[in-house]
Amino acid sequence: MMNILSVDQAVELLLQNQIVAAPTETVYGLFGCANSRAAVDNVYRIKNRPADNPLICHFYSLDQILEYVKAPPLYICKLIELVGPGPLTYVLNLKANSPIFLACAGFKTICCRIPDNQLALKLLKKINIPLFGPSANTSTKVSGVTAEMIDRDLGDKIAGIIDGGKATIGLESTIIDTTEFGKIKILRPGAIGKIELETYLAQISFSSIEVLENEKVKNTIPGSKYRHYSPKTMIYLEEKVGSQISFFTKKVARRDEVFTKKIKTTIGFQEFQQNNENYISFGSYQDLVKVSADFYLNLYKLDLQNIETCFFDLESYNRIQNSELSVAKALFNRLEKVLAHN
Ligand code: TXA
Ligand code: MG
């Protein structure tokens, strides 16, 4: 049975160094007190997270963030104020002796975010301690976007779940490195991309700040070296050789493995289903916001149906790759992590 918590119950458990799952607008997080050694140890154990991968921390306001980090440049403070609660995470310099250094895995910087979710904000305000909140999933699984998904993955390991319904955005926040003056580097793509950031900067009269996308940024997030998300279902990118359907893999050894499995199912956009009965639609390419919102949930449903192996439709893949929308870039980044050829 799922242990559903009220915000007050969650506060009590968090103060006892326990780990609680709670919604944000992006994905659910596994929250704990960022100033507690015991809580930090707990979340690494529960997620099976590599010890060198730092935790992202959540706050309810710019003022609260400023208690824990070295003063960022004016344009970053203005940006945080303008965006307010939202799917944007700032890498900032940690203050010396900051009590939440425990969450940073030895890094001198810290990922800070104000989530745009009423339950998360209520929790953060009531407890008035920054809460770390890595995505709610066992390391290498996809992030949880509903209470049920998290209960299946982690229910017996955590103190409980605040159920806020399905996470609305469905993909993790954009992470920007702000530690080099005059530049903003997108380390992890999300719903807010280069175009949106440039618009925000123009609104606060700081158009001179350069926004770099992740292809141009050498250092990405520590977590990205642990690349692969593995839903139980192995998803291979489809490849068409003449009229023959094959699949693409960088790992030649996998070819034989897959060919012996007689793959039936293909997943992709509804527009490319044609007459294929064994096609599972991930939504319409006209609405990539919705496709992104449902993406992890759809992967979870494949797992529930015990589909061992399937194809990802090539035309659908190309559509996502060629779209200039920020949300498409975020979706493509996650799709690449999911595809079994990588
Ligand atoms: O939307 C989100 O960001 C969700 C919700 C729950 O807030 N959280 C989330 O956490 O996606 P997580 O731990 O799954 O991803 C955060 C990433 C990690 O891959 C980690 O490597 C990176 O942030 N990170 C943490 N601290 C960092 C730092 N100081 N510099 C660069 N990257 C950092
Ligand atoms: Mg994660």
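D177 sits across from K185 of strand 9 in this predicted model. Strand 9 covers residues 183–188 and runs antiparallel to strand 8, residues 174–177, with three bridges between them. Strands here are DSSP runs of E with at least two residues, helices are runs of H or I with at least four, and both are numbered from the N terminus. Local features need pLDDT of at least 70, side-chain atom pairs count only at pLDDT 80 or more, and totals for chains, interfaces and linings use all residues. Residues are numbered from 1 along each chain as its sequence is written, chains are lettered from A and ligands numbered from 1 in the order in which they are written, and side-chain values use heavy atoms, with hydrogens and water left out.

On to the helices. Helix 9 (288–304) packs against helix 11 (residues 326–338) at about 20 degrees, the axes being 9 Å apart. That angle makes the two roughly parallel. Helix 6 (147–154) meets helix 9 at about 50 degrees, with 11 Å between the axes, so helix 6 is oblique to helix 9. Axes are lines fitted to C-alpha atoms over the stretch in contact, and angles run from 0 to 180 degrees between N-to-C directions; under 35 degrees counts as roughly parallel, over 145 as roughly antiparallel, 65 to 115 as roughly perpendicular and the rest as oblique.

The whole structure has one cavity of 30 Å³ or more. The largest cavity holds about 40 Å³ and is lined by G268, F269, F282, V291, F295, F312, I320 and L331. Seven of these are nonpolar, one is polar and none is charged. Ala, Val, Leu, Ile, Met, Phe, Trp, Tyr, Cys and Pro count as nonpolar, Asp, Glu, Lys and Arg as charged, and the others, Gly among them, as polar.

On a 1 Å grid over the protein atoms alone, a 1.4 Å probe fits in a cavity but cannot get out, while a pocket is an open set with protein on both sides within 12 Å along at least five of seven lines; lining residues have an atom within 4 Å of a point. Points join across faces, edges and corners, and a volume is the space filled by probe spheres set on them.

Key
Two strands pair if DSSP finds at least two bridges between them.
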